[in-house]
Amino acid sequence: MDGSQSNDRNPNPNPRGNNGNSITSSTPVWPTIDGPLGLTEDDSLSYARKFYQFGFALLPFLWAVNCFYFWPVLRHSASFPRIRHYVLGSAVGFAVFTVVLLSWALTFAIGGEHLFGSVWDKLVMYNVAERLGLTGWS
Amino acid sequence: MAQNQRPASILDTLGEEIVRIITPVSICMLMVVILVSILSLDDSSSSSAMPTIATIAYSETGSDSSWDKFMGALLNSLVFVAVVTAVTFILVLLFYLRCTKFLKIYLGFSAFVVLAFMGGEIALFLFEKFSFPIDCVTFLVILYNFAVVGVLAVFISKMAILVTQAYLVVIGMLVAYWFTLLPEWTTWVLLVAMALYDLAAVLLPVGPLRLLVELAISRDEDIPALVYEARPVAHHDSGSRDGVVRRRVWSERRNVLHDSGGDVNSNAILSGNAGSNLNSGVVLSVASGHNDTRLAGAEEGRVVEANAELSAPLIDRRMNDNMHRQEEDDTSENLLLEGIGLGSTGAIKLGLGDFIFYSVLVGRAAMYDFMTVYACYLAIVAGLGVTLMLLAFYQKALPALPVSIMLGVLFYLLTRLLLEVFVVQCSMNLVMF
């Protein structure tokens with residue numbers, strides 16, 4: 001009774017939630033981390049795709065948010081194949097970007113003057129801020 | 001089969017709702033107190049002339065007498081409140097002329113300015129203070145990411161709830177920190193003035209915020225503004241099993257609206273089915289004809305939870321603009337919502353202006369001593385509790401500033417003048433603490 005009511009009420013019936021892998025693993029009905037407060041599957045697809053595409057504008061944080069938002073998609077490996085494609089891509093992109101950025105930042109921070117010489121002083125942020133007068137705004 | 005359910009006590013439902021709104025307020029206040037204590041400048045250097053709108057009439061110097069400082073602060077606050085009133089009236093006008101798109105774009109723009117410029121400056125202060133060896137490339141990339149995702153979180157109606165809430169708290173924290181940089185007397189008088197303005201603007205029939213809310217209700221639209229909405233609490237009635245969903249029809253709200261015009265106390269009844277989230281949105285949009293605004297409004301506020309049956313009165317939301325930029329003069333308005341209301345799910349909505357002014361009060365108290373911080377924090381939370389009770393009682397939008405700010409200022413004065421002497425004397429004589 002409950003099942004039929006919810007299917008009948010739900011304008012976007014989600015077959016993946018009801019058949020398929022429901023015996024072996026619990027496939028989530030809602031692809032977002034917010035569950036019933038979040039998006040439906042079709043909306044999720046467009047959101048995941050847009051987040052993935054926008055992330056290429058040098059926005060790895062957006063990829064991270066994408067992975068966070070669609071965490072149920074990542075966790076349950078057999079669900080939502082179309083969304084999963086984008087979320088996996090975002091996860092890979094975020095990982096790659098983080099590795100690159102972190103290695104550069106750590107090299108800069110740890111290497112310091114020994115590695116870079118005088119360029120270090122020119123690149124480090126607090127000097128740049130001082131030079132450009134960003135913090136002495138009063 | 002035996003039902004072994006405890007009847008949901010009032011702690012579970014009401015307590016949970018209150019906790020869900022007090023937690024972000026506390027986090028915001030805590031972060032502002034931490035920032036203030038880390039970055040605190042001496043009093044003499046902080047009152048160097050910063051040309052802001054709040055100090056346009058009078059810049060406080062260290063050598064004026066108390067009366068002069070008080071009059072100057074009063075003048076500043078009057079100017080500030082006048083500007084805020086004017087801007088809010090402009091906002092009402094724009095909303096009346098249905099420039100919702102412009103308002104949304106402006107909202108995103110101001111969020112970007114706060115996150116990128118203010119956030120960047122505060123980060124720079126911190127890096128300078130700790131001599132943190134970050135290079136400009138990394139810094140710019142991180143700041144850019146932070147700001148753009150923040151704008152998206154504010155703009156997009158269906159972003160992850162946690163991300164949106166986190167960004168709203170961060171925006172509140174950043175703006176509050178900048179307010180604490182104002183001179184001392186000006187800050188305190190400004191707080192009191194804003195509390196009085198809030199009271200007037202929401203409750204008086206001619207107040208701009210009340211007009212705005214009534215407009216929004218009569219059109220059944222959402223005001224584009226920065227509002228923190230707590231996650232709705234799932235109520236488990238003792239008579240329901242886990243799968244049973246109780247739902248009511250959404251349409252009653254519209255009927256009541258049409259009948260009674262701008263009647264504030266019309267009821268919005270929600271359907272409890274998780275799947276009908278989209279359904280109710282669709283019903284509203286088809287019926288009303290305002291397609292994009294309605295769908296945005298439906299998505300934003302009308303989230304629905306499984307197993308919930310909530311009968312929540314219609315929202316009145318209020319709005320307030322605050323002008324407070326120092327360097328970036330043109331980008332000087334935020335669409336901040338002040339005041340407290342009930343979302344259509346019954347989840348509590350608190351305007352970002354309230355976050356900001358509470359945090360300003362506590363931040364200013366932190367500039368004196370931590371004793372005042374504790375006292376003001378307790379006062380503000382008590383005031384917020386009182387406001388929530390009044391909200392449950394009156395079921396319309398209420399100004400969230402007056403009670404808390406008045407209690408906070410009172411406790412600050414009492415602590416500073418009376419309690420401190422007492423505590424210090426006791427500690428020095430090893431009597432207590």
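This is a predicted model: local features need pLDDT of at least 70, side-chain atom pairs count only at pLDDT 80 or more; totals for chains, interfaces and linings use all residues.
**H12 against H13, chain B**

I started with who touches whom: B:Tyr358, B:Leu361, B:Val362, B:Ala365 and B:Ala366 in H12(B) meet B:Thr372, B:Val373, B:Cys376, B:Ile380 and B:Leu384 in H13(B). I sorted the residues of this contact and got nine nonpolar, one polar and no charged.

Then I looked up the geometry. H12 spans residues 352-366 of chain B and H13 spans residues 370-394, and they pack at about 160° with axes 8 Å apart. Angles over 145 degrees count as roughly antiparallel, so that is what I call H12(B) and H13(B). I have their crossing down as right-handed.

**Salt bridges**

Next I went through the charged pairs.

B:Arg20 pairs with B:Glu16, closest N and O atoms 3.0 Å apart. Both sit in helix H1 (residues 10-38) of chain B, four residues apart, about one turn of the helix.

I have B:Arg210 as partly exposed at 23% and B:Glu214 as partly exposed at 27%.

Which residue does B:Glu184 bridge to? I found B:Arg416, at 3.2 Å, N to O. B:Glu184 lies in H7 and B:Arg416 in H14 of chain B, so this pair ties together parts 232 residues apart in sequence. B:Arg416 is partly exposed, at 29%.

Definitions and conventions. Residues are numbered from 1 along each chain as its sequence is written. Chains are lettered from A and ligands numbered from 1 in the order in which they are written. Side-chain values use heavy atoms; hydrogens and water are left out. Axes are lines fitted to C-alpha atoms, for helices over the stretch in contact, and angles run from 0 to 180 degrees between N-to-C directions. Helices (H or I, at least four residues) and strands (E, at least two) are DSSP runs, numbered from the N terminus. Angles under 35 degrees count as roughly parallel, over 145 as roughly antiparallel, 65 to 115 as roughly perpendicular and the rest as oblique. A crossing is left-handed if the near helix is turned anticlockwise from the far one by less than a right angle, and right-handed if clockwise. Contact means heavy atoms within 4.5 Å. Ala, Val, Leu, Ile, Met, Phe, Trp, Tyr, Cys and Pro count as nonpolar, Asp, Glu, Lys and Arg as charged, and the others, Gly among them, as polar. A salt bridge is a side-chain nitrogen of Lys or Arg within 4 Å of a carboxyl oxygen of Asp or Glu. Buried means under 20% relative accessible area, exposed over 50%, partly exposed in between (1.4 Å probe, protein chains only).
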